[in-house]
Amino acid sequence: KTLAQSHARWLILLVAVLWIAPKLRDRGWFRPTAVAVSVLHTPAQGAWRVDQSFSLRELAENPLVILSRVAYVYRLQPLQPRPAGELSAVSDVLKGWQLHLGHRQYKPLGLQPFDHIIVFSTESLSLDFLSPYNTNLPPELTPFYASPAMTSRMFVNYQCIALPTQQGLAVTYNSHPNADGLLAEGNFETSLVRLLNAHGYTTYFLMSSPDTFLNDNAIFKQMGFQHVFGSQTWLKDPRFAPFVNDRGLMDRELFKIAVDLLDQNRDKKIFIDVMSGDTHSPYPREDYGSLQYPPTPDSVARMTTDPQARAILTDVFRHDYDIGRAVQEIQNRNLLTTNTLVVLTADHNFPHGEALDRIPGYPKSYLSRIPLVFLSGQPLPPADDLRQLRSQLDFAPSIVHLLGWPVPEGWWGESLFDSTFAAPPISKVGRNLMVTPQDGPQRVVSLDHPNGAAEQSLVKLFLSVYTNVPPPATSASQTNSP
């Protein structure tokens, strides 16, 4: 009996420690990665620090929540494939939810083909970190994003509908709100990336984090990317190894790699996603090595006394500097030509925490706005309304519209460059679907207990993927080496 009581006390103590650890971390009193590095006497730079610190940071987020995620993953159900012909039978339901799945035809834009597409999908970059989109922040915080070239093209109500990274990019590249269903069995038959492969593009996914973190290299290959590179690759290159530490390769160096890759493929069709990581939540990068930056504006210190909030804003300021340099380098090398499309966006918004409440004007919502800007050497069609409510579901349809291709019938979003339709943002929060129509209040639909035929039909749509013909298999040239 005494032994059983002792075990129970230790279990209670363990649960208490696991629960309080992230609370102490949030206050800056406990840094698990620093403790581990000190105890194990590992160098500040190297493969162990890159890979293992990621696992420690993820665990430190909240160990009990992570444990529950492991248990919950077995509840994930892959999407049910269905023929697109079934959509005509639910046309009234689709109309009721303001959805236009099925055949649709956009007005041609008359653009020259884009043979080179590069997407900067910055980690955890909320639009409300950027001035002037958050008017409570000073313009000197993000001078590049505040420039006329950006403000005249920024979609200011582009909503994130899924996080973290794999979920955010799954809905972005598949135009389907069920991120977990997409990821359950790598169900990416209708992904934009596979469509690009079928049209002869070579597709790259470049990330600052480790190749194998959370099985990223396998997930993004399943999504269709032919080449997936991360910090385990960059560590092998003496040019970049000195800039790999903490979360991975520093963003400025990752941007250099991306621009060089674009330059080396001037005569080829290429698509590049650049997944940078300096702004990663909950604690952005602290060590920038030998890289030099302008002084952080004094206004950051005046805005908040919270150390984590200051760290976030400092990293946003440095990201603004780095992405501005990258876009300028693209222009300087004469790469922003009529057949080049540059997209600035994010994988998802910064997950909400106490520190964000100390940033003036930052919303308290779980999902919030992220940046979206399209740039090219040829004039792009102006959007009818940059303030219209849009979401990550609209990214892939917008790309294929710019390319002049038909939209797959199973995609939920609509082109940002067509005013005929505008799909409502739909996100899964817990066991509910949050539907935000263009002209009414948000509706909550239970996945487990839908109310009435309309909600039941929406849940069926959410759990299904509609397609006509399976897309061509991803190229056998997939590789994980340069």
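Student: Where is glutamine 98 found?

Tutor: Glutamine 98 is in the loop between helix 5 (91–96) and strand 2. Helices (H or I, at least four residues) and strands (E, at least two) are DSSP runs, numbered from the N terminus.

Student: What kind of model is this?

Tutor: This is a predicted model, where local features need pLDDT of at least 70, side-chain atom pairs count only at pLDDT 80 or more, and totals for chains, interfaces and linings use all residues. Residues are numbered from 1 along each chain as its sequence is written, and side-chain values use heavy atoms, with hydrogens and water left out.

Student: Back to glutamine 98. What is its phi?

Tutor: Positive, about 60°, although glutamine 98 is not a glycine. Most residues other than glycine have a negative phi, and most peptide bonds are trans.

Student: Which residues does a cis peptide bond join?

Tutor: Serine 131 and proline 132, with omega about 10°. Proline 132 is in the loop between strand 2 (116–122) and helix 6. The bond from serine 281 to proline 282 is cis too, with omega near -5°. Proline 282 lies in the loop between strand 8 (270–275) and helix 13 (298–303).

Student: Switching to rings. How many aromatic pairs?

Tutor: The count is 20 aromatic pairs. Phenylalanine 155 and phenylalanine 374 form an edge-to-face pair, 6.2 Å centre to centre and 90° between the planes. That pair links distant parts of the chain, 219 residues apart: phenylalanine 155 is in the loop between helix 6 (148–151) and strand 3 (158–159), and phenylalanine 374 is in strand 10 (residues 373–376).

Student: What's the rule for a pair?

Tutor: Rings of Phe, Tyr and Trp (its six-membered ring) pair if their centres lie within 6.5 Å; planes under 30 degrees apart count as stacked, over 60 as edge-to-face and the rest as tilted.

Student: Why does phenylalanine 155 count as buried?

Tutor: Because its relative accessibility is 5%. Phenylalanine 374 counts as buried because its value is 4%.

Student: Which residues form one aromatic cluster?

Tutor: Tyr173, Phe205, Phe220, Phe225, Phe271 and Phe395.

Student: What sits over the ring of tyrosine 293?

Tutor: The charged end of arginine 252, 4.4 Å from the ring centre. Arginine 318 lies over the face of tyrosine 288, at 4.7 Å from the ring centre. A charge sits over a ring if NZ of Lys or CZ of Arg is within 6 Å of the ring centre and within 35 degrees of the ring normal.

Student: Now helix 12. How many of its residues are buried?

Tutor: 10 of its 14 residues, so helix 12 is mostly covered. The buried residues include Arg252, Phe255 and Leu262.

Note on methods. Buried < 20%, exposed > 50% of the residue type's maximum accessible area, 1.4 Å probe, protein only.
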